[in-house]
Amino acid sequence: MGVSMKQVVSLPIESIQSISTLRPVREDAIASLVESLQTIGLQTPISVIANDDGDGYLVVTGNHRLQAAQAIGWTHIDAFILEDEETATLWEISENLHRADLSQLERARLIVEWAKQTRYEIFMEQERVLTQSAPKPKGGRPQGGIRAVARELNLDRDYVRRSLKIASLSQDAQETAQVVGLANNRTALLEAADLPENEQSAYLLGRAKQIAVHNEEKARFDRFDFSERQYNALRKAWNNASYDVRGCFMHVVGLVFKEQEQAPQSPPQEEEQ
């Protein structure tokens, strides 16, 4: 089951409401979209679902586009009208999956959510295969499920398979990955997923510490490298300078040192007995 394309209709903006569960509105995103709408118009219609009472619509995808259209005074906006909540859920997952600001962990969760909405039994069996040391079932059904979802979401099959593995992390491990900043580190997430659930969080904590130490050492090297480059630049400038320029430079350096020597010094503090 995929999300089928619907006919685009022009709806009054005042008839469309935002759903409270949508991701928070980002003002910078709206500002960027305002400029885009004014320059090239709306390239991708929003999607909506009818209110239960039949009065107006709820936005499913494109809340930022809707807000931007309101900001520049549009009265109508192009939209797909989705038929039911299940279709609306799949539509939202499909669009959100291609957002650039999603972490690897968030993307994996969305792929599995799509799988549960469309091929629950197939994907639950594939999850069992990936997270347990059981032999792969004959008949290829799990592989077929991955192939179908990859096709419907326009994603690479190996990417879907890895995402399913990441999403199999325990809830505790997923929360740990978020806290220690590894939610977008695919390698660390996949390595943790290979471990028993009771070892996953500890592994992620250890990896985060290793990365922090590495980054600190790299920062120290970068600072040293910057100082070395400054020295080399100064030496090159000195070698290329004329005799008069070198003399002027040495005169200025001498004045600086003389000022430092003449500056009042703070009296040394007596040590407490």
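Contact here means heavy atoms within 4.5 Å. Keep that cut-off in mind for each stop of this tour. The model is predicted.

**Stop 1: helix 7 and helix 9**

Select residues 157-167, helix 7, and residues 186-193, helix 9. Which residues of the two helices meet? From helix 7, pick Tyr159, Arg162, Lys165 and Ile166. Their partners in helix 9 are Arg186, Leu189, Leu190 and Ala193. Colour this contact by class: five residues are nonpolar, three are charged and none is polar.

Now look at the geometry. Two packed helices are described by the angle between their axes and the distance between the axes. Here the axes come within 9 Å and cross at roughly 60 degrees. Helix 7 and helix 9 are therefore oblique to each other. The crossing of helix 7 with helix 9 is left-handed.

**Stop 2: helix 1 and helix 2**

Move to residues 27-40, helix 1, and residues 63-71, helix 2. Their axes cross at roughly 65 degrees and come within 8 Å. Helix 1 passes helix 2 in a right-handed crossing.

Show the side chains. Helix 1 brings Ala29, Ile30, Leu33, Val34 and Leu37 to the contact. Helix 2 brings His64, Arg65, Gln67, Ala68, Ala69 and Ala71. Eight of the residues in this contact are nonpolar, two are polar and one is charged.

**Stop 3: Val25**

Val25 sits in the loop between strand 2 and helix 1. Is Val25 buried or partly exposed? Val25 counts as partly exposed, at 36% relative accessibility.

Display its contacts beyond four places in sequence: Ile30, Asn63, His64 and Gln67. Ile30 belongs to helix 1, and His64 and Gln67 belong to helix 2. Draw a distance from the C-alpha of Val25 to that of His64.

**Stop 4: Ile13**

Select Ile13, in the loop between strand 1 (8-12) and strand 2 (16-17). Ile13 is buried, because its relative accessible area is 4% and the cut-off for buried is under 20%.

What surrounds Ile13, apart from its neighbours within four places in sequence? The contacts are Leu66, Ala69, Gln70, Trp74, Thr75, His76 and Ile77. Check Gln67 too: its C-alpha atom is 9.4 Å from that of Ile13, and the two are 54 residues apart along the chain.

**Stop 5: Leu58**

Go to strand 4, residues 57-61, and pick Leu58. With a relative accessible area of 23%, Leu58 is partly exposed.

**Stop 6: the whole chain, coloured by confidence**

Zoom out. The protein has eleven helices and five strands. Of its 273 residues, 34% count as buried. Among contacts between residues at least 6 apart in sequence, 68% join residues at least 24 apart.

Colour by pLDDT. The average is 77, and 73% of the residues score at least 70. Which elements have the highest and lowest mean pLDDT? Helix 9 has the highest, 94, and helix 5 (residues 120-131) the lowest, 49.

Finish with two stretches. Over residues 1-5 the pLDDT stays under 50, and the model has 14 contacts for them beyond four places in sequence. Residues 129-143 are also below 50, with 18 contacts in the model beyond near neighbours in sequence.

Key: Residues are numbered from 1 along each chain as its sequence is written. This is a predicted model: local features need pLDDT of at least 70, side-chain atom pairs count only at pLDDT 80 or more; totals for chains, interfaces and linings use all residues. Side-chain values use heavy atoms; hydrogens and water are left out. Axes are lines fitted to C-alpha atoms, for helices over the stretch in contact, and angles run from 0 to 180 degrees between N-to-C directions. Helices (H or I, at least four residues) and strands (E, at least two) are DSSP runs, numbered from the N terminus. Angles under 35 degrees count as roughly parallel, over 145 as roughly antiparallel, 65 to 115 as roughly perpendicular and the rest as oblique. A crossing is left-handed if the near helix is turned anticlockwise from the far one by less than a right angle, and right-handed if clockwise. Ala, Val, Leu, Ile, Met, Phe, Trp, Tyr, Cys and Pro count as nonpolar, Asp, Glu, Lys and Arg as charged, and the others, Gly among them, as polar. Buried means under 20% relative accessible area, exposed over 50%, partly exposed in between (1.4 Å probe, protein chains only). pLDDT is the predictor's confidence in each residue, from 0 to 100.
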